[in-house]
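Here are my notes on the core and the helix packing around it. Please read them with the model open.

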Amino acid sequence: MDSLDLSAADRRYRALMAKAHEGIVLYDNLGVIIYASASVRNVGGFEDSEVIGMSGTDFVHPDEIEETRTIFVKVLQTPGKSITFKQRLKHKKGHYIWTETTLSNFLHEPEVGGIISNFRDITDEKNAEEKLLESKTLLESINQNIKEAIYRSIPDQSFEYVNQAFLDLFGFKSTDDLNAVPVSSLYVDSVIRNQIKNELLSKGSVTNMEVEFRKNDGTTFWGLITSTSMEAADGHRFFDGAIRDITQQKIAEEKLRHSEEFLSSINRNIKEGLYRSSIDKGMIFVNSAFAEIFGYSSAKEVLETDIKELYLHLKTRKDIISELVEKKSIRNKEVEFKRKNGEAFWGLMSSYLIVDSQGNEYFDGAVRDITELKIAEQKLVELNETLTQQNKALAEREDELNKAMKELSDRNFELDQLVYKTSHDLRSPLSSILGLVNVAKMDTATTDKSEYIEQIGFSIHRLDEFVKSMLNYAKASRIDVHLEAVDVKEIIESCLKDLAFLETYNKVKTKFNIQGKSTIKTDKLKLKIILSNIISNAFKYMDDTKPEPYLNIDINATEKEIFINISDNGIGIEEEHLPKIFDMFYRATELSQGSGLGMYIVKQSIEKLEGSITISSKFKEGTTFNISLPNGD
C-alpha cells in the first residue's frame with residue numbers, strides 16, 4: 001500500500017516509532033533482517049533501509065557472535081519462546097554500545113512471520129554498574145588493607161561490618177566469632193563505654209578518645225577511637241568508627257616521663273646553653289650554662305631580661321622566628337649574640353618549634369659559643385679563597401688545554417682517515433677511467449665505444465658521489481647551526497627529486513605523513529643532509545625480491561620537539577654491523593658503492609642540532625630510523 005493511503009492512525013504509529021528509544025527488527029529463520037523500525041536510528045544510528053537484508057550478526061561484537069547464534073537457535077526451535085540477554089551492537093559511527101535485547105519467535109504467526117528483536121541502549125547503565133563495582137571493590141580493598149580497625153555497629157546489639165584489621169586487633173577469626181561475645185566485653189571499663197555511647201547519641205561523634213580495650217584472649221591494649229553516629233533512611237541508627245592501637249605510644253609516653261626527669265639532670269651539667277622561649281613570653285627556661293655563656297650571674301637573671309637584649313641585631317631574632325614558623329626547625333645556624341656587658345659573640349644555634357597539647361607554641365633549642373672557632377675559620381676561609389682562586393685559574397687552563405688536545409686529537413684522527421680515504425676513493429675511480437681509456441684506445445677492432453663510455457660514466461658518477469659526500473661532511477662539521485623557518489614537506493620533496501635519476505626510483509612506493517604544522521624551526525641545510533642521506537639509502541638498497549618495496553616517512557612536530565620516523569623494507573642490515581653504522585667510512589654491505597661517510601655525516605649533523613638518532617634493522621626485512629630534534633631555540 002502506498003504511504004499516501006495510510007490512515008491517520010498508521011501515520012501516528014510510525015511517527016511514534018521513529019521517536020522511540022527502543023529499536024525493533026524482524027529476522028527470517030536464517031537471521032536476515034526483513035523489517036526494521038525507524039527507531040533503530042535512535043539506538044544504532046542506522047536508517048531502517050540500511051539494515052534490511054543484512055545478517056543480524058553483522059552488527060554483533062565479535063566476542064559475542066557465537067553466544068548470540070546459540071540464543072537465536074534456542075528461540076528458533078520453540079514457537080512463542082522469548083529470551084532476553086545483554087550484548088554489544090555496532091553503532092553506525094563504528095563504536096559498540098551495550099543493549100538489552102529480547103528475541104521472540106513469531107514465525108508461526110502469519111501476521112508477523114519472523115523472529116522479533118526488541119533492543120534498547122543500556123550503555124550508560126552498564127558503565128554505571130561497572131563504576132559502582134569498581135568503587136565497591138576499591139572501598140573493600142582499602143578497608144581490608146588499612147592498618148586501622150574499621151567497623152559499623154548497631155548500638156547494644158552487634159557488629160554489622162568489620163575489616164580484617166579489626167579482627168586481627170581484637171584476636172577474632174571472623175565477624176561471627178566477634179558477634180558471639182557481648183560488645184561490652186571488648187571494653188575494660190564499662191563507664192568509658194557508656195560515656196562513648198552517650199556522646200555519640202547526644203553529640204553525634206567522638207574524636208580521638210583514648211580507651212583501654214580487651215582482646216579475645218583476655219589481654220588488653222590502648223586504642224584511639226573515633227566514631228560517628230549515623231541514621232539510615234529507615235530510621236535505624238548505627239555507629240561507624242575506627243580504632244588505632246596506641247599501646248606502644250602509651251608505653252613511649254611513660255618512658256618520656258622518665259626521660260624528662262633524666263633530662264633535667266643533664267641540663268644542670270651540660271656545657272651548651274639550653275633554653276625554651278615563646279614569641280609572647282620571651283625566655284621561659286634556661287640552664288646555668290646558658291646564663292654563663294651570655295654573661296649573667298644566674299638563670300633567673302636571664303629570665304628577667306628582655307629577650308631582645310640577647311641579640312646583637314633585633315632583625316636576627318625576627319628572621320629566626322619566621323624560619324622556625326615556616327620550617328619548624330633550625331639546625332646549626334650561626335648567630336651574632338650579645339653578652340650582658342654588650343660584648344658581641346658568635347653562637348651556633350639549633351632550635352625546634354614545639355606545640356603542646358593545648359596548642360601553645362614554644363621554641364626549644366641550644367646555643368654554643370663558637371667565637372674562637374669563627375676567628376680561626378675566618379683565617380682559614382681567607383687562605384682557602386686564595387688557594388681556590390689559584391686552583392680555579394689552573395683548572396680553567398687545564399680544561400682549556402684538555403679540550404684543545406681532545407679536539408686536536410679528534411681532528412688529527414679524522415684528518416688521517418680523510419687523507420687515506422680521499423686518496424683511495426679518488427684514485428680508484430680515476431684509475432678505472434684511465435684504464436678504460438687505455439683499453440678503448442687499444443681496442444681498434446671495436447668501432448662502438450659506448451660500453452667504455454658507460455663504464456667511464458659510472459666511475460665518474462662514483463667520483464661525483466664521493467665529492468658530494470666530502471662537501472656534506474664539510475658542511476655538517478664546519479658550518480655553524482643557523483636556525484630558520486623550514487617547510488619539512490618541501491625538504492622531503494627536494495630529497496626525492498634529487499633521486500629521480502636512480503633506476504630504482506619508480507620501484508619504491510614512497511609515503512610521507514606530517515602531523516601538526518609542516519613548518520618548523522631548525523637548520524635547513526643540516527636537515528636536508530640528514531633526510532637526503534637516509535632517504536637515498538632506502539632507494540639504493542631496496543630489495544628487488546619483494547613485490548612492493550616501500551619507504552614511509554612520518555613526521556610529528558610539537559612546540560618543542562620534532563620526531564622523525566623513516567622506515568623501509570629494503571635489504572636491511574646484519575646485526576653485527578649495527579654498532580658501527582655511524583662510524584666514519586664504514587660500509588655495512590658489500591653492495592655499497594658510496595664513500596661510507598653518509599651515516600657518519602647524519603650523526604654529526606644531528607649532534608650539531610643537539611638531537612638524537614636510533615636505528616633498528618633486520619637483515620632481509622628492512623630498516624627503521626627514529627630521529628628527535630629540538631624545534632626552535
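**Notes on the core and its helices**

1. The largest nonpolar core has 38 residues, and those touching the most other members are Leu531, Ile534, Ile535 and Ile564. Bear in mind that this is a predicted model.

2. Which elements each supply at least two residues of this core? The helices are H15 (488-498), H16 (524-540) and H17 (598-608). The strands are S19 (550-557), S20 (561-568), S21 (612-618) and S22 (622-630). H16 gives the most, with seven residues.

3. Look at Leu531. Beyond its neighbours within four places in sequence, Leu531 is in contact with Ile491, Ile492, Cys495, Ile564 and Ile566.

4. H15 and H16 have axes 9 Å apart and pack at an angle of about 45°. The two helices are therefore oblique to each other. Their crossing is right-handed. On the H15 side, the contact uses Glu490, Ile491, Ile492, Ser494, Cys495, Leu496 and Asp498. H16 meets them with Lys524, Lys528, Leu531, Ser532, Ile535 and Phe539. By class, the residues of this contact are seven nonpolar, two polar and four charged.

5. How do H16 and H17 cross? Their axes come within 9 Å, at roughly 150°. That angle is over 145 degrees, so H16 is roughly antiparallel to H17. This crossing is left-handed. H16 contributes Lys526, Ile529, Ile530, Asn533, Ile534 and Asn537 to the contact. H17 brings Gly598, Met599, Ile601, Val602, Ser605, Ile606 and Lys608. The contact of H16 with H17 has seven nonpolar, four polar and two charged residues.

Key:
Residues numbered from 1 in each chain as written. Predicted model: local features only at pLDDT ≥ 70, side-chain atom pairs only at ≥ 80, totals over all residues. Heavy atoms only, no water. Core = buried A, V, L, I, M, F, W, Y, C linked by side-chain atoms within 4.5 Å. Buried < 20%, exposed > 50% of the residue type's maximum accessible area, 1.4 Å probe, protein only. Helix = DSSP H or I, 4+ residues; strand = E, 2+ residues; numbered from the N terminus. Contact = heavy atoms within 4.5 Å. Axes fitted to C-alpha atoms, helices over the stretch in contact; angles between N-to-C directions. Parallel < 35°, antiparallel > 145°, perpendicular 65-115°, else oblique. Left-handed = near helix turned anticlockwise from the far one by under 90°. Nonpolar A, V, L, I, M, F, W, Y, C, P; charged D, E, K, R; others polar.
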